[in-house]
Each structure stands twice: as structure tokens, then as C-alpha cells.
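This report looks at helical segments and at the aromatic rings that pair within a protein chain. Please keep the model in view while reading.

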Amino acid sequence: MPPEVIYTPHSKLRHPIQLFKQMGYDLLASRELAWRLMVRNITAQYRQSFLGIAWAFLPPIVMAAGFTLASDANVINVGKTDLPYPAYVMFSTALWQTFVEALNGPVQAVTVAKPMLARVNFPREAIVLAKVGEVFFNFSIKLLLLVALFLWFQISVGWTVILAVVGLVHLVMLGTFFGILLAPLGALYQDVSKGVTMITGFWLFITPVVFPVPSQGTFGLLVNLNPVTPLLVTTRELATTGVVSDPYGFWVASLFAFIGLLLAWIAFRVSMPFVIERISS
């Protein structure tokens, strides 16, 4: 039997235990709806696209081709990478794409679901879970490209490739944290979506997607302070060389992602009733 929900003018933060219980219950209750929303969204996404699942492959391929040509022509000097450079860029781009999709997902989900949120009372976590499911589905498609990539360049993998799943989950968790944090504002202001596009464009260039991690200078400091860096690099290393270069940074970034996601979820729960009231008026 579902717990009794009492609406009061007092902040839910005054009763944290009750808030966490309700959050846990709503998370479990949202599973079936999240699944149905995910299936609907994935079906619509590929049905309304001429190229379909090719869009999961094209960005890594195009970016790898562009930067490989630039590197071969000595337009850029990226330094030495652990993998053949085209494979390095494709794999890193697939991971970066997954992070960006996890970040954009909650913002897009809340924005699209505004009419439903204003009319129907349901666990709000369902729309976020559906987007997270889409992120992992899209990565499973990219995985086909990565397997072909490893076979083409004859990249050997060890047992640590299994642990790469942990790094991937933490990377998605970090993106979801930022997405949930921005979702309430994204429902009220279109500037948020435009701002996210601009910021992630800059963010890409301080993430070691097309270059190895620098160790010196201001740029190296920015790259190393970037929380995406240790998660993306460790996931790539676990899937390929099996040697983790920065385990401390990985666990610090993972802890940051976990705590941030929990706090963002609480902020989402507390703020969404006010957001729904605004969009309903």
C-alpha cells in the first residue's frame, strides 16, 4: 500500500527522513512508466530520422576523420596516444557523446513533458529514468562501432574491459547530475538549453577527447580539474590498456558525481512543484 502523501506549506527539507522515503518509493514506482517512455522515445527517435541509428556512428567517425587528417597534415600536434589516433578519437568521442546525452537528457525530458507535468500527477523520476535508459541504449549501438574499431586496428583487450562498465556508469552519473540540476530551470527558461549547447562546446576542448592529458601549463590545469577527465580517461584505459593512470582522480570524480547526483535529486524534488505551478499558470 503506497504511503500517505500530505501536502503542507512547510518545506520538505524539514523532514529529511520522510523525504528520502518518498523519494525511494517514487523511484521504484516509476520503473514501469520510465520503461514505456523510454521505448516510446527510442521508437520515435529512429522512426522520424532518415539515417536512423547511423547518427550514433557518424559523430565519432566524422570527428576522427577530421582530426586525423589535421594531425597527418601537421596542422595540429596532439602528441603520443596509447591507441592508434583514429581509434583514440572515435572511442573518446563515443564516451564524450554519452556524457553530453546524459547531461542534456533531464533538461530535454522536463521541457518536453511540461504539458504532462501540468496535468497529470506521476513520479517525476520516470521522465529522467527514461532518458538515462536512452543514454545506455544509444551507447550499446555505439558499442558495435567500437568492437569493429578494435578488430580493425587489432587492439587487444584484457579482463579489465569488464570494469570499464563501472567507469561508464560513473560518467553517465556525472552527466545526469548536471542535467537534473539544470532541469527545473530548463523548464522555465529556453536560455538553459542554448547555454548548455554553448558550454558543452567549450567543455569538449578542455576534455582529453582528441589529445592526451597534458601535464603542464594553465591548459593542463584546466584539463586536470575537469571532472569529466578522470572518468573518461579511466573508462578508456580500462577498456584498452588496462592500466589506470589516475585512480585517485577517478574516485574523487566518482564521489563528486554520486554526492552531486543525490543533492541534485533532492533539489529537483523540492523545486519541481514550484516549477509546475509556474508553467501551469
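Over residues 85-107 the chain is 100% helix and 0% strand, with the end C-alpha atoms 33 Å apart, where helices (H or I, at least four residues) and strands (E, at least two) are DSSP runs numbered from the N terminus. This is a predicted model, in which local features need pLDDT of at least 70 and side-chain atom pairs count only at pLDDT 80 or more, while totals for chains, interfaces and linings use all residues. Residues are numbered from 1 along each chain as its sequence is written, and side-chain values use heavy atoms, leaving out hydrogens and water.

An unreviewed UniProt entry lists "transmembrane region" for residues including 85-107 and 159-183; its positions are given in the numbering used here, feature names are shortened, and annotations may be inferred rather than shown by experiment.

| Residues | Helix | Strand | End C-alpha atoms apart |
|---|---|---|---|
| Residues 85-107 | 100% helix | 0% strand | 33 Å |
| Residues 159-183 | 80% helix | 0% strand | 38 Å |

A search of the whole structure finds eleven aromatic pairs, meaning rings of Phe, Tyr and Trp (its six-membered ring) with centres within 6.5 Å, counted as stacked when the planes are under 30 degrees apart, edge-to-face when over 60, and tilted otherwise. One of them is the edge-to-face pair of phenylalanine 91 and phenylalanine 150, 5.8 Å centre to centre with 80° between the planes. This pair links distant parts of the chain, helix α4 and helix α6, across 59 residues, and both phenylalanines are buried (under 20% relative accessible area, with exposed over 50% and partly exposed in between, using a 1.4 Å probe and protein chains only).
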